[in-house]
Amino acid sequence: MPPATGGGLAESELRPRRGRCGPQAARAAGRDVAAEAVARSPKRPAWGSRRFEAAGWWALLALVTLLSFATRFHRLDEPPHICWDETHFGKMGSYYINRTFFFDVHPPLGKMLIGLAGYLSGYDGTFLFQKPGDKYEHHSYMGMRGFCAFLGSWLVPFAYLTVLDLSKSLSAALLTAALLTFDTGCLTLSQYILLDPILMFFIMAAMLSMVKYNSCADRPFSAPWWFWLSLTGVSLAGALGVKFVGLFIILQVGLNTIADLWYLFGDLSLSLVTVGKHLTARVLCLIVLPLALYTATFAVHFMVLSKSGPGDGFFSSAFQARLSGNNLHNASIPEHLAYGSVITVKNLRMAIGYLHSHRHLYPEGIGARQQQVTTYLHKDYNNLWIIKKHNTNSDPLDPSFPVEFVRHGDIIRLEHKETSRNLHSHYHEAPMTRKHYQVTGYGINGTGDSNDFWRIEVVNRKFGNRIKVLRSRIRFIHLVTGCVLGSSGKVLPKWGWEQLEVTCTPYLKETLNSIWNVEDHINPKLPNISLDVLQPSFPEILLESHMVMIRGNSGLKPKDNEFTSKPWHWPINYQGLRFSGVNDTDFRVYLLGNPVVWWLNLLSIALYLLSGSIIAVAMQRGARLPAEVAGLSQVLLRGGGQVLLGWTLHYFPFFLMGRVLYFHHYFPAMLFSSMLTGILWDTLLRLCAWGLASWPLARGIHVAGILSLLLGTAYSFYLFHPLAYGMVGPLAQDPQSPMAGLRWLDSWDF
C-alpha cells in the first residue's frame, strides 16, 4: 500500500499509544505522527481517490525502476574488452564453468553467480581473462555483464522504497532515487563483471527488508512480518557470501534487533513467553537461516570445484588430496621418510606455502650475499629438496646401500635439488624480521659447512620414532645457533619476487610458523601407501578455507602502477580509478562519482549532524515543539539516524584495516549517504515551508527546492556521463578535450 497522506496532528497524538504491544505501538505511533507531519507540512493537494493515489505511487516506482534499468543497460556491450577487475572475476566465473579449484580472498557466492550467469548465457569458460584490454572477440561476455547490471539496477528502487518507508515522503524517496540513478560511479560499477553490484544488491535488500519488518512491529508474527524477517536473513547471508564486508550490514541489523528486543523486554504488557517467541523468531531468521545458507554456498563451492587448479598451494596437503588432478589425489607414496628421498616441505600455517629456493641471491647489504630461501604458495620444481645425512655425501639411493629411515632427533642436511645448495643459517639478521637469523642456500654440489646441519624433530614424539609423510608435524632445529626454521609470513620486496620470508628464530616457542610437514615424497626403494585416509571432513574444509581467506585478505598489497587510495579520499571524491584506456586513442572509462551528488552527500552529513544535534538537545530539554515540527523531527532523527548508522558502519572500519584499499570500497557507504541526503533535504525544506507559512509563496518552497535538486542532479549527470559510458579523443588536460572544463580537481585523471 502507498504511504498514508493527509490529516492534521493533534497534540495528544505525539504521546505513545498504549496497548497490547507497548513499545511496538509507541514506535508505530511515532511513524504515524511522522507520516501525518510530513503530509501536513507543507500542505499538499489531495490525490483524490485512494485508487488514484495507489496508481500514482506504483507509477512513480515503475518510473524510477525503468530509469535505473535504462541507465545501467545503455551501451552495456562497450567496451568489448576486459576492464579493470573483470580480469579476476570473469576468470573465476570461468573456473566454475570448468570446475577448476582456485583461491580468492572473498567468499564464493558472487563468483558462483557470475559463473552461473555466464553458463546460462552461453559462455563456455574458454576465455583466458589474462589482462585488461584483451578483446572478448567471439566469446560471450554479455550474460555476465548483464547479470551484474541487473542486480545493480535494483539498488535505485530498493533505496527509493527504503527512504519512502523511513520518511513516508515521496519527494524524499524520489530525490534519493535521482542521486543514485544519476551517479556516474554507481553506474560504472554496475556495468562490469565485478562483485560490487552483487554485494550492494544484498546490502540494500537487507536494509529494505529490515525497515519493512520494523514497519510491521504492530503486527508481530503476521505473514508480512515473517516474510520480511526471513528475507532479511536471506539477504544477510547473500551479503556475507559475496564479501566479508557484508559483516557491516549484519552488524547494523544486529544492533537494530538488540534495540528491538530491549524495548519488547521492557513492555510489561507482554508475557515472558511472548518475549521468548520474539527472541526465538529472530534467532531462527537472523542467525540460523543466514548461517545455513552461507554454509550451503561453501558446500556447493567445494562440490563444483572438484578439479585441481591454481589455488591448491594455499591449502593443506589433506585438502589438496580431495582435488582430482592434484598429485596427491588418489596418490600412493612411501609412508615413512628415508634418506635419499626427494621431498617438498610445507609450512602448517595457512597460506605460507612450501619451503623454496632459487638461483637468485640476497642483494648487497641484506645479510650474507648467498642464495635466497623463501616460501612459495604454488607447486614448483624449486620446492624440491633431497634429505641427506649430515656427515656423508654418499648416494642413499645406491642399490648397494640398505634403506635407512629418518628418525626423530636425527641430524640431517637438506640439499636443494635444482641448485645443489644446502639449507643454511648463520648469525646474520633476517631481511625483514630483525631479531631472527637469515636462512640461505649455501655450498657447491652439496658440500658446505657445519651451518648446514639441522636436527629434525617430530612434535610431541620420542627420540627414535620414524617420521611419517603428511601426518608428522616436524621442526628443524639449527645445530650451531639453536634456532628454529620458520616463516614470518612477511612478503619480501621485489628482489625476493614478493615471496614470503623464511627465517631461523632463536625463540623456541612452538607456533605453526615453525612447524612443517613432508608433502611430496619420492623414493623408488620404498613401498607406497594410499592417501585416501587423509581426506578432511566438510567442517575441516570450511574452517581451513576461512583461515586462508582471512590471511589472504589481510596480506593484500598494491600491484605495480596501481591507483590505491586512503579512506579520507573517498567521501570528497578526491581521486577516481581508471577502468579502461590510458591515452587519446583508447576508449576510456573512469570510475568517479558525480561530483554534484558526492559533495551534496558530504554537505548533507555535516548538516545532519548539526541539525540532528540541535533537535535532539531541544527535545531532551523538554522543548514543546509544534506538532508539525515534532513529526518531522521524528523522521529526521529516526529515519535519518538509521541510514547515518549504515554510512558509519560501512565507512569507518576501513580506517582500521591494514590491507590495500581502493576507491570502490566506499560505494556501499555512498548508498547510505545518498539516502540520508534525500531524507535530510526533504525534511529541511518542509521545515522552511512551515516556518514561512505566512509568506504567500511558502507552499512552493518545498516543491521548488526538491525540483531544483532533481534538475541539478540530472544536469550534472549530463555533463559527466562520458566518464561512465566512455570517452575517446584528447585527455582532459588538453584544452581541446570536451572534458577539459570538467576537471575540477587536479587529482582527477581522465
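This report walks through the domains, helix packing and a few local details of a predicted protein model.

## Ground rules

Residues are counted from 1 along each chain as its sequence is written. Because the model is predicted, local features need pLDDT of at least 70 and side-chain atom pairs count only at pLDDT 80 or more, while totals for chains, interfaces and linings use all residues; side-chain values use heavy atoms, with hydrogens and water left out.

## Domains and record annotations

Let's start with the overall layout. The protein chain is split into domain 1 (57-298 + 576-723) and domain 2 (331-529), with bounds that come from an automatic or database domain assignment. The C-alpha centres of domain 1 and domain 2 are 51 Å apart.

UniProt positions follow the numbering used here, feature names are shortened, and annotations may be inferred rather than shown by experiment. In the model, residues 281-305 are 96% helix and 0% strand, with end C-alpha atoms 35 Å apart. Residues 701-720 are 100% helix and 0% strand, and there the end C-alpha atoms are 28 Å apart. Helices (H or I, at least four residues) and strands (E, at least two) are DSSP runs, numbered from the N terminus.

## Helix 6 and helix 7

Next comes helix packing. Axes are lines fitted to C-alpha atoms, for helices over the stretch in contact, and angles run from 0 to 180 degrees between N-to-C directions. Helix 6 (residues 155-167) packs with helix 7 (residues 170-181) at an angle of about 155°, the axes being 8 Å apart. Helix 6 and helix 7 are therefore roughly antiparallel; angles under 35 degrees count as roughly parallel, over 145 as roughly antiparallel, 65 to 115 as roughly perpendicular and the rest as oblique.

The contact (heavy atoms within 4.5 Å) involves residues including Leu155, Val156 and Tyr160 of helix 6 and Leu170, Leu174 and Thr181 of helix 7. By class, the contact of helix 6 with helix 7 has 12 nonpolar, 3 polar and no charged residues. Here Ala, Val, Leu, Ile, Met, Phe, Trp, Tyr, Cys and Pro count as nonpolar, Asp, Glu, Lys and Arg as charged, and the others, Gly among them, as polar. In the loop between helix 6 and helix 7 sits Lys168, which has a positive phi of about 55° although it is not a glycine.

## Two other helix pairs

Helix 11 (residues 247-265) and helix 16 (residues 627-651) pack at an angle of about 140°, with axes 9 Å apart. Helix 11 and helix 16 are therefore oblique to each other, and their crossing is right-handed. Among the residues in contact are Phe248, Gln252 and Asn256 of helix 11 and Gln642, Gly646 and His650 of helix 16. This contact of helix 11 with helix 16 has 6 nonpolar, 5 polar and no charged residues.

For helix 3 (residues 86-98) and helix 4 (residues 109-120), the axes come within 8 Å and cross at roughly 70°. Helix 3 and helix 4 are therefore roughly perpendicular. Phe89, Met92, Gly93, Tyr96 and Ile97 of helix 3 meet residues of helix 4, including Lys111, Met112 and Tyr119. The contact of helix 3 with helix 4 has 7 nonpolar, 3 polar and 1 charged residues. In the loop between helix 2 (50-73) and helix 3 lies Pro79, joined to Glu78 by a cis peptide bond with omega of about -10°.

## The MIR annotation and Phe405

The unreviewed UniProt entry also gives "domain: MIR" for residues 334-390, 403-459 and 464-521. Over residues 403-459 the chain is 0% helix and 44% strand, with the end C-alpha atoms 24 Å apart.

Phe405 is placed in the loop between strand 5 (385-389) and strand 6 (411-416). Not counting residues up to four places away in sequence, Phe405 touches His336, Leu337, Ala338, Tyr339, Asp410, Arg466 and Leu526. From C-alpha to C-alpha, Phe405 and Ser341 are 9.7 Å apart in space, and they are 64 residues apart in sequence.

Key
A crossing is left-handed if the near helix is turned anticlockwise from the far one by less than a right angle, and right-handed if clockwise.
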